[in-house]
Amino acid sequence: MEQELDQLEAAALEELTQTHDLLQLESWRVRYLGKKSALTSILRGLASLADGKRKTVGARANAIKTSLHAELAEKKQSLSLRSLDESLENSSLDVTLPGRPLPYGRLHPITQDIAEICSVFADMGFQVLEGPEVERDYYNFEALNIPQNHPARDMFATLWVDSRDDSNARLLRTHTSPMQIRLMEQQKPPLRFVVPGRTYRYEATDATHDWMFHQVEGLAIDTDITLRDLKETLFEFCKNIFGRDTQVRFRCDYFPFVEPGGEVAIECVKCKGAGCRLCSGTGWLEILGTGMVHPDVLARCGIDPTVYSGFAFGMGVERISILRHGVDDIRLFYSNDFRFLRQF
Ligand code: PHE
């Protein structure tokens, strides 16, 4: 019996050297280690052997089984590696070629800046909301203390949807301020909102003007809001967007829907206040209009101006983007030139 086992092992090992692929290896395994193999039947028959014999034959048979399994595993690995090598060599796939880049999209620079502007205000407790681009005369002008024939209408060259003589006429909003009215009509104070969106003006385009641009409007109404809250909020905003050591200036300005009205300017990003072409020699760049909401506007929206007060502001997003990124022509934002857009 031991002799038989020796022969079996020798034959198995010899035959293993003749297996050249995984298929042959599998039939080798079935032949020498399978359920019907000679080795298995010897192991099964151990019980019928005499005591002394059972021990030696059993030990030998088990040792062969273990070693054949080890040989099998080793051969399997070397054959798999070889077949991988062969298929790599024979196929036309060159795994050393660099991958093809997948072009990926990104947000438009103006969209990115709007998101950043809104998040600065969101951190100060403002909610973000959008409104209609086609507005009624009432919201864009009338309710904001700009009745028919008011000279302030000249500040806003308007693109009309309907005839301008109709007091209910539709237009493309010239600013985001109509959303002040919609918000105050719809909700009770306290209110704290920023409203980003497109605005339109009937103007010739040049490096600093376009007929469509974006604004972010802000409105805060509560029982004890003062000019000091306005200044603090807007100064904090400027420092977040333009850097903490930016100089910020607050001056009076006129808008019919605020009293007092003001403008916020930052120190010129180019000349740092010395005076250059960008800032027309003044050293300052105006970035937004603001003021305390006019009592008549509050009253018109059903908010008691003897109880409540608030501030509003409106900024031009493209202007802020131009200053932040050193862009010298507003029209670049909408000309769809990838060489420009890829920089953001
Ligand atoms: N809507 C004004 C503009 O477009 C800006 C502004 C908003 C001013 C709110 C005061 C208060 O010029």
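1. Basis of the values. Because the model is predicted, local features need pLDDT of at least 70 and side-chain atom pairs count only at pLDDT 80 or more, while totals for chains, interfaces and linings use all residues. Residues are numbered from 1 along each chain as its sequence is written, and side-chain values use heavy atoms, with hydrogens and water left out.

2. Over the whole structure the search returns 16 salt bridges, the term standing for a side-chain nitrogen of Lys or Arg within 4 Å of a carboxyl oxygen of Asp or Glu. One of them joins Arg54 to Asp51, with 3.1 Å between the closest N and O atoms. Both residues belong to helix H4 (residues 51–90), where they are 3 residues apart, about one turn of the helix; helices here are DSSP runs of H or I with at least four residues, strands are runs of E with at least two, and both are numbered from the N terminus. Arg54 is partly exposed at a relative accessible area of 33%, whereas Asp51 is exposed at 61% (buried means under 20% relative accessible area, exposed over 50%, and partly exposed in between, with a 1.4 Å probe and protein chains only).

3. Two further bridges. Arg244 and Glu236 meet through their side chains in a salt bridge of 2.9 Å, N to O; Arg244 is partly exposed at 48% relative accessibility, and Glu236 is partly exposed at 27%. In the salt bridge of Asp337 with Arg339 the closest N and O atoms are 2.7 Å apart, and here Asp337 is partly exposed at 24% while Arg339 is exposed at 66%.

4. The network around Glu9. Salt bridges link Asp6, Glu9 and Arg60 in a network. Glu9 is found in helix H1 and, at 18% relative accessibility, counts as buried. When neighbours within four places in sequence are left aside, Glu9 is in contact with Arg60, Ile64 and Ser67, contact meaning heavy atoms within 4.5 Å.

5. The pairing of H1 with H2. The axes of helix H1 (residues 2–17) and helix H2 (residues 22–33) come within 11 Å and cross at roughly 175 degrees; such axes are lines fitted to C-alpha atoms, for helices over the stretch in contact, with angles running from 0 to 180 degrees between N-to-C directions. H1 and H2 are therefore roughly antiparallel to each other, a label given to angles over 145 degrees.

6. Aromatic pairs. The whole structure holds 14 aromatic pairs, counted when ring centres of Phe, Tyr and Trp (its six-membered ring) lie within 6.5 Å, with planes under 30 degrees apart called stacked, over 60 edge-to-face and the rest tilted. Phe141 and Trp160 form a tilted pair, 6.4 Å centre to centre and with 40 degrees between the planes. This pair links distant parts of the chain, with Phe141 in the loop between helix H6 (137–140) and strand S3 (159–160) and Trp160 in strand S3, 19 residues apart. Phe141 is buried at 1% relative accessibility, whereas Trp160 is partly exposed at 23%.

7. A ring cluster and a charge over a ring. Phe121, Phe126, Phe237, Phe311 and Phe313 are linked into a cluster by ring pairs. Arg182 lies over the face of Tyr139, at 4.0 Å from the ring centre, the criterion being NZ of Lys or CZ of Arg within 6 Å of the ring centre and within 35 degrees of the ring normal.

Technical notes
Parallel < 35°, antiparallel > 145°, perpendicular 65-115°, else oblique.
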